[in-house]
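Trainee: Could we go through this model together, one question at a time?

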Amino acid sequence: MAQRLATEYVNATMQMPDVQMDQFLKCTSAFRVSCRVKVLDAGEHEIVLEDESGEEVYLSFERRNGLYICELSCRLAAPRLTNAVHKLFAVYKGSGTVNRVYHGFVMSYEYLNGIVQRITQVAGNDSIVIYEYKNTAGELQRMFNSTEAEQEIERIHRHINELLDARIIAGSDRSRVMQIDEQLRSYNQRLFVLEA
């Protein structure tokens, strides 16, 4: 198994209300990393997490519209600190790109509100999508609520009525009747598919 060299957070963000900030500060002690907190003028927080190896990560939380927002771009190598930041990022519904760097390739994880949306393996100029999130329940609900099929059925019925009128008008013109019949067969097949 490949050994991870580093983890990079690229344009990542976490956000939480006041209540969760208190939980966040308590949560950091569970990861066996030291934590220093500075409260700045406007109620903003600067949190420094430090591993026993001396590696540090600075988390600056700016206060906006009743939320604490942390914009995070860093590279971590110490396993304990990397694990702590990863768990905090997942618990507090982080969004952004997290790159796990290995020798010869990078696994790039795209998060949205703490949920992995896509995993891509990047090696040199080549990239392969390993996983992509699909909201199956949401997609099924959207399809259930959709009226596209019903609207198409209505349009086809109108076209069929127009073609039947045109067929009556065509009378004994065999080539025109054959064209109309072909169009009617096509519409009939489409109706069968839509109504199934």
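Trainee: Leaving aside neighbours within four places in sequence, which residues is phenylalanine 24 in contact with?

Mentor: This is a predicted model, in which local features need pLDDT of at least 70 and side-chain atom pairs count only at pLDDT 80 or more, while totals for chains, interfaces and linings use all residues. Residues are numbered from 1 along each chain as its sequence is written, and side-chain values use heavy atoms, with hydrogens and water left out. Taking contact as heavy atoms within 4.5 Å, and setting aside neighbours within four places in sequence, the partners of phenylalanine 24 are Met14, Met16, Ile47, Leu59, Phe61, Leu88 and Tyr92.

Trainee: At what angle do the axes of helix H4 and helix H5 cross?

Mentor: The axes are lines fitted to C-alpha atoms over the stretch in contact, with angles running from 0 to 180 degrees between N-to-C directions. Helices here are DSSP runs (H or I, at least four residues) numbered from the N terminus. H4 is roughly antiparallel to H5 (angles over 145 degrees), because the axes of H4 (residues 148–170) and H5 (residues 174–195), which come within 10 Å, cross at roughly 160 degrees.

Trainee: Is arginine 36 buried, partly exposed or exposed?

Mentor: Arginine 36 sits in strand E2 (residues 34–39), a strand being a DSSP run of E with at least two residues, and among the residues that arginine 36 touches are Glu46 and Tyr58. Buried means under 20% relative accessible area and exposed over 50%, with partly exposed in between (1.4 Å probe, protein chains only). Since its relative accessibility is 38%, arginine 36 counts as partly exposed.

How values were computed:
Angles under 35 degrees count as roughly parallel, over 145 as roughly antiparallel, 65 to 115 as roughly perpendicular and the rest as oblique.
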